[in-house]
Amino acid sequence: SQAKPENFSRLQQEHARALKGSQETIKKWEQFKYDYEVLQARLHTLPDKLTHDIMVPFGQFGFMRGHLYHTNEVMVLLGDNWFAQRTAKQAVEIAEHRKKYVCEMLEKEKKVMEDLQARSSFVSELSAAALQVARDGFEIREEYDAEEEARRKESKRRERERRGIVVPPPRPAFPRQTGVLSKGQGEERKREEGEEREMKEGENQREMELWAALEKKEAEEEEKREEGEKEEEEEGGKEEEEKELKGRGSVERGKTHQAVATITFSHTAGPDTGPSVRQHKSHTHIYIMSINPIIIQDVSTSGVEELVYSTPGDIARCHGGVAPPRETGEGEEGGGKRGVRWDPNLVRHQQEKSVATPADVEPLQVPISQLVREKDSLPPNQQVSSRKVSKFKLSRSSN
Amino acid sequence: MSNKAAVQALQAKEKVMQDEIERFKKLQKELQKFTASRMQLDTQVNENKTVKEELDRLEEGAVLYKLVGPVLVKQELSEAKLTVEKRLTYITKESERYADMIKETQRTIEQGTEKLGRLQQDYQQALMKVSSAGR
């Protein structure tokens with residue numbers, strides 16, 4: 001960035017120099033003015049006497065006594081080697097004219113100096129501000145106007161319809177979910193007021209609540225379905241900025257997954273639209289999938305046909321060309337939609353379809369061996385148990 | 001053989017370049033002179049304008065002198081006025097002439113710079129050829 005202290009100091013140096021030059025010019029003109037005034041005074045007193053006794057300057061250093069005659073006659077230099085003989089009074093007039101000219105020049109120069117001063121003060125203010133911005137950043141505030149937003153959304157929607165852009169159906173609104181999201185509604189109202197601050201607070205609160213719910217579910221799940229647990233769920237829960245609340249194993253396939261939290265910005269929420277309207281369209285979803293996506297360790301030992309994904313591309317390939325779109329996807333309903341939108345839940349659901357998943361709340365009845373397609377792949381010491389043993393624990397211990 | 005030819009070519013190019021450089025320098029000096037004299041003429045124009053104003057302010061029969069060398073020569077007002085006017089027109093004309101000449105010189109200088117640039121490129125290429133041929 002250009003806002004460095006050195007650049008500003010350089011600019012200010014130049015300004016100071018220009019200012020000094022201007023000041024000197026002003027001084028010069030003022031000196032001229034003063035000279036003319038003295039001259040006029042002299043011309044005034046000169047014709048008072050017929051002769052004056054004076055000390056005549058002689059050469060470079062000396063003076064000589066002398067007399068000044070013809071006190072009323074003044075030889076005036078008009079310029080360009082032209083002289084005119086004038087009376088003292090007339091000479092005074094000439095001097096007056098010249099003084100006027102000098103005054104004009106003086107005024108001009110003073111204006112120039114003022115201008116320079118204004119410029120340099122502006123620069124110093126600007127430099128202070130710019131340096132601060134370079135250090136701390138610049139806070140961007142957007143005012144939220146509810147009506148304006150509603151209008152804008154309408155026009156956008158009309159525009160989309162006109163162009164025939166297909167938009168996925170709305171995700172059901174949050175209020176249908178648990179009490180957590182009634183908070184979300186309260187949030188929206190707050191947002192309607194356009195207070196970013198409050199929204200952030202609301203968001204934080206909701207985040208915390210979500211985390212709390214998450215942790216609770218995690219604890220439950222740990223007891224129930226350790227086998228079915230995949231690392232991604234753990235990871236998914238623990239990713240820092242993860243706003244994604246995955247439907248954790250409670251795969252009710254008929255149900256829509258509403259658990260994807262969205263980060264909404266104040267300008268997108270509309271007050272009049274209410275929860276029934278497709279809100280998500282204008283929301284920006286930050287939808288962070290696991291950074292280490294869906295990796296199941298120790299697949300070889302467990303032998304379960306669980307896919308190892310190293311990139312989302314793998315996932316896509318494994319599931320028949322369902323490629324993740326470039327923009328963030330939306331949490332679609334479980335069971336996948338149209339193959340266009342990327343949804344990690346999708347992957348898991350499809351997988352879990354093929355595997356007998358236990359009911360939600362009940363502990364796992366089925367031994368792990370039944371969940372496994374190739375029973376032989378299990379090492380003998382693992383094949384037996386009807387015990388609920390976590391694959392991972394085993395694998396860890398075997399390591 | 002090719003080496004010798006390359007060297008010769010290089011020398012020829014060098015000479016051409018030197019000539020061009022000298023011409024360029026001359027042009028620049030001329031430009032400086034013109035600008036200086038033009039400034040001088042400008043001051044003279046201003047001065048004569050002031051004199052004209054003063055003369056206009058003078059009443060009839062005022063005593064007027066012109067300094068010619070060490071001599072103050074008495075002049076008449078009308079004569080003086082005429083002289084000053086003539087001088088004024090002359091100086092303005094001169095100033096304009098100089099302005100045109102300055103523009104001309106500037107243009108030639110620009111062309112010269114371009115030419116010089118090209119020559120320099122040629123020279124560099126020839127140099128490279130020589131050095132590569134010499135290997």
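This is a predicted model: local features need pLDDT of at least 70, side-chain atom pairs count only at pLDDT 80 or more; totals for chains, interfaces and linings use all residues.
## Strand pairing between the chains

Within β1(B), Leu64(B) is the bridge partner of Ala84(A).

## Architecture of chain B

Chain B contains two helices and two strands, and these elements follow the pattern α-β-β-α when read along the sequence. Of the 135 residues in chain B, 27% are buried. Among the contacts in chain B with a separation of 6 or more, 78% are accounted for by residues 24 or more positions apart.

## Extent of the interface

On the side of chain B, 20 residues are in contact with 14 residues of chain A, and the two chains bury about 1600 Å² between them, with 58% of that area on carbon and sulfur atoms. The residues of chain B that lose the most area to chain A are Glu54(B), Tyr65(B) and Leu67(B), which together contribute 31% of what that side buries.

Polar interactions also cross this interface: the count between chain B and chain A is three salt bridges, and seven residue pairs are found in polar contact, with both residues at pLDDT 80 or more. A salt bridge joins the side chains of Glu59(B) and Arg86(A), with an N to O distance of 2.4 Å.

## Which elements of chain B supply the contact side

At least two residues of the side of chain B that touches chain A come from each of α1 (2-57), β1 (63-68), β2 (71-75) and α2 (77-134) of chain B. The largest share, six residues, is supplied by α1(B). By residue class, the side of chain B that touches chain A divides into 11 nonpolar, three polar and six charged residues.

## The setting of Glu54(B)

Glu54(B) lies in helix α1 of chain B, the helix that supplies the largest share of the side of chain B that touches chain A. When residues up to four places away in sequence are not counted, Glu54(B) touches Leu78(A), Ile94(A) and Arg98(A).

Is Glu54(B) buried or exposed? Its relative accessible area is 5%, and Glu54(B) is therefore classed as buried, since that class takes in residues under 20%.

Notes. Residues are numbered from 1 along each chain as its sequence is written. Chains are lettered from A and ligands numbered from 1 in the order in which they are written. Side-chain values use heavy atoms; hydrogens and water are left out. Contact means heavy atoms within 4.5 Å. Buried area is the accessible area (1.4 Å probe) that two parts lose on being put together, summed over both. A salt bridge is a side-chain nitrogen of Lys or Arg within 4 Å of a carboxyl oxygen of Asp or Glu. A polar contact is a pair of N or O atoms within 3.5 Å; within protein, one must be able to donate a hydrogen and the other to accept it, and residues adjacent in sequence count only if both atoms are side-chain atoms. Helices (H or I, at least four residues) and strands (E, at least two) are DSSP runs, numbered from the N terminus. Ala, Val, Leu, Ile, Met, Phe, Trp, Tyr, Cys and Pro count as nonpolar, Asp, Glu, Lys and Arg as charged, and the others, Gly among them, as polar. Two strands pair if DSSP finds at least two bridges between them. Buried means under 20% relative accessible area, exposed over 50%, partly exposed in between (1.4 Å probe, protein chains only).
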